[in-house]
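Please walk through this structure from the whole chain down to two of its local elements. The sequence and the coordinates come first.

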Amino acid sequence: MVSFLDQDIILNEELTIIDHVFASDNKLTRCIKAYEIAVKLSEEGHVSAANLLESSLAEMNELNGWDYEMTVKEILSRLELSNFEQSIKTLSGGQKKRLALAQVLINKPDLLIMDEPTNHLDIEMIEWLENYIAKEDISVLLVTHDRYFLDAICNTVLELDNTQLYEYRGDYSYFVTKKAERESIFNSEVDKAKNLYKRELEWVRKMPKARTVKSKSRVDAFSDIELKAKQKRIDKQVELSVKMERLGSKILELIKISKSFGPKKILEPFSYTFKKGEKIGIIGKNGVGKSTFLNILQGLEGYDTGKIQTGETVIFGYYSQGGIKVSEDKRVIEVVRDIADYIPLANGTQLSASQLLTRFNFPPEVQFSYVKKLSGGEKRRLYLLTVLQKNPNFLILDEPTNDLDIPTLQVLEEFLADFGGCVIIVSHDRYFVDKLVDHVFVFEGDGFIKDYPGNYTEYRDWKQDQKAEEKSAKLEAVIEVKAEIAAIEKLSRIIQKSYPLKRNTNLKLWKKK
């Protein structure tokens, strides 16, 4: 059986969560449906219900249908979809992604094909998915930009490069090493072919018209050498280079900011003073208020109590999770020209809108096409361009890695590492966060934010150590209690043994009197 998790989720909005799961057309769900019909007919007193119920019971036992329903509810609960009767139309984008994921996992396919499975999942969900796939007997074919996920799941990487497919028997780290080796060998072979081509070209030009058999074979070989020498690597590399506006000494200060939506706390009184050049990661489960926090920082949303002081030189560049908001009928170059015809660079030069698009890997034929014809990754790249085009000095990136390919992510990482202003990153991409941030704001729920001095992996390791210490402390407390109980029981037995002896002694003394 093959199951496919599409990048773009389409669900029947009129169904509930549990109805959607059991809407799958497989042998088990058909068996369960037949059993439910038989039970209903039996309750209504139909004559044929007894035979139908008997046969459906036998099939349920044969297919372990009883375990299936328990598995369904367990997976839904682990993916935080425990309200089984909730209507799909009321779910958030992240919840819909988790429901689609639950659907393919519940079917227990032999081959699971997934297109960007980690998009819209928080880090805890991604790590749960990694562990689930690792322990299941299942073959997986996936497309993803999540490099830690690739390392955890895959033992083979297929690379499509310049119309050629290459296979690497190893994880992502192995792929990176072997790809570099392959490209080095390729470049070396092309260089050798170019040198040989020059010599052979000179010989061909001087060669007499009367050709021997040997010279003819050399001419034939020359064609192969020429083909090899003229090979070119089509390396479509994005170039990020824009001017950052000067950032003053006063940047952004939060003074006891709080925010709630009714009974739901988003921010307990929180204070922080941002410093020039720092890069902060924000992590936490979906729905705890990360995007609300970003909007409050920029003045896009109000807060309940506290005060925000923003420096006069601060220019925010906001790359939101929602993506680019322009008319689909606009041409790509028009989107850029609406902001500016010329863009200043960090080195003092400037680029035209067309030149900037070319640097962002939009060739001329794409520049004059319509936005609606762009792929998801191209739209995200265009959106990133429009954000950087405004020369911000305080970048706020909300899930910037969604739909961006790995080469573009690597260029973005290099750009952000050298960026002199402030950077806030909300991302489920652990590799991206680990590589860039100085410390993390951890949204732990109920409005509490922990400022941890390190990247995500360091925070996770610290958290695990804390849990281990708590578990050890609880175990020691249990051992102490058991030891106290044992001591009390021992004392009780001694008292119980000594009491009859003492009673008899006292009785003898009384009789003597």
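A residue is called buried here when its relative accessible area is under 20%. The model is predicted, and by that cut-off 40% of the 513 residues of the protein chain count as buried.

The chain as a whole holds 17 helices and 16 strands. Its accessible surface comes to about 29300 Å², and carbon and sulfur atoms account for 52% of that area. Contacts between residues at least 6 apart in sequence can be split by their separation: 66% of them join residues at least 24 apart.

Among the helices, H6 covers residues 123-135. From the first C-alpha to the last, the 13 residues of H6 reach 19 Å, close to the 18 Å expected at 1.5 Å a residue. Which residues of H6 are buried? They are Ile123, Met125, Ile126, Glu127, Trp128, Leu129, Glu130, Tyr132 and Ile133. At the start of the helix, aspartate 122 places a side-chain oxygen within 3.3 Å of the backbone nitrogen of glutamate 124.

E6 spans residues 252-261 and E7 spans residues 264-274. The two strands run antiparallel and are joined by seven bridges. Within this pairing, serine 260 stands opposite lysine 265 in E7.

Note on methods: Residues numbered from 1 in each chain as written. Predicted model: local features only at pLDDT ≥ 70, side-chain atom pairs only at ≥ 80, totals over all residues. Heavy atoms only, no water. Pairing = 2+ DSSP bridges. Helix = DSSP H or I, 4+ residues; strand = E, 2+ residues; numbered from the N terminus. Buried < 20%, exposed > 50% of the residue type's maximum accessible area, 1.4 Å probe, protein only. Contact = heavy atoms within 4.5 Å. Areas by Shrake-Rupley, 256 points an atom, 1.4 Å probe, with all protein chains shown as cover. Expected span 1.5 Å × (residues − 1). Polar contact = N/O pair within 3.5 Å; in protein donor to acceptor, adjacent residues only side chain to side chain.
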